[in-house]
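Hi,

Here is the structure I said I would pass on. Have a look at it first, and then read my notes below.

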Amino acid sequence: MEAPSVNLTEGIDGRSGKGTLSLVNALPPKQASHPGSNQHIVQFYENDSFLLESVSEFLKTGFDRGEAAIVAASGSHLEGLHPLLTTRGFDISRLTDSGQYLPLNAEETLPHLVVDGRVSETRFNDLLKAK
């Protein structure tokens, strides 16, 4: 399988709550253009409902195209996202078993990936190999 096309994070320190959603190398499907590699798009949100609807729609578009996704989010956001994906017709177990979807609990994962305030590419790649 190709490298994941989507990497969503909720702040580098894994804190959850209202604030920003970072979309790395990705843009919500309603946008007409796509950023180039190494660009970073930030979408501000005021409530979890808006966040989860936006992310589930974005993921649906990618999954419908056969693309893979990594989502690093708070546990509560993952718990809210999965029913929305199921409602949109996706089997979460099938997506994860096939390697098309890798949900990561940000609070648990990001502390292991961050070195000197930045995500370590080596540690990130090691994580992917272990999954």
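This is a predicted model: local features need pLDDT of at least 70, side-chain atom pairs count only at pLDDT 80 or more; totals for chains, interfaces and linings use all residues.

Q100 has a relative accessible area of 8%, and the cut-off for buried is under 20%, so Q100 counts as buried. You'll find Q100 in the loop between α3 (92–98) and β5 (101–105). A polar atom of its side chain lies 2.9 Å from the backbone oxygen of E67.

Now try D116, which also sits in a loop, this time between β6 (114–115) and β7 (118–119). D116 has a relative accessibility of 77%. The cut-off for exposed is over 50%, so D116 counts as exposed. Its backbone deserves a look too: phi of D116 is near 55 degrees, a positive value in a residue that isn't glycine.

Let's zoom out for a moment. The protein chain has 5 helices and 7 strands, and along the sequence they follow the pattern β-β-β-α-β-α-α-β-α-β-β-α. Of its 131 residues, 39% count as buried. If you take the contacts with a separation of 6 or more, 61% of them come from residues 24 or more positions apart.

The element I looked into in detail is helix α1, residues 48–64. At the start of α1, a side-chain oxygen of N47 comes to within 3.3 Å of the backbone nitrogen of S49. After the helix comes G66, with a positive phi near 85 degrees.

Which residues of α1 are buried? They are L51, L52, V55, S56, F58, L59, T61, G62 and F63. When you look at how they are spaced, remember that an α-helix has 3.6 residues a turn, so residues three or four places apart point the same way.

Finally, see how α1 meets helix α2 (residues 75–87): the two pack at an angle of about 50 degrees, with their axes 9 Å apart. That angle makes α1 oblique to α2. The crossing is right-handed. On the α1 side, the residues taking part are D48, L51, L52, E53, V55, S56, L59 and F63. Their partners in α2 are H77, G80, L81, L84 and L85.

Cheers

Definitions and conventions. Residues are numbered from 1 along each chain as its sequence is written. Side-chain values use heavy atoms; hydrogens and water are left out. Helices (H or I, at least four residues) and strands (E, at least two) are DSSP runs, numbered from the N terminus. The expected span of a helix is 1.5 Å times one less than its number of residues. Buried means under 20% relative accessible area, exposed over 50%, partly exposed in between (1.4 Å probe, protein chains only). A polar contact is a pair of N or O atoms within 3.5 Å; within protein, one must be able to donate a hydrogen and the other to accept it, and residues adjacent in sequence count only if both atoms are side-chain atoms. Axes are lines fitted to C-alpha atoms, for helices over the stretch in contact, and angles run from 0 to 180 degrees between N-to-C directions. Angles under 35 degrees count as roughly parallel, over 145 as roughly antiparallel, 65 to 115 as roughly perpendicular and the rest as oblique. A crossing is left-handed if the near helix is turned anticlockwise from the far one by less than a right angle, and right-handed if clockwise. Contact means heavy atoms within 4.5 Å.
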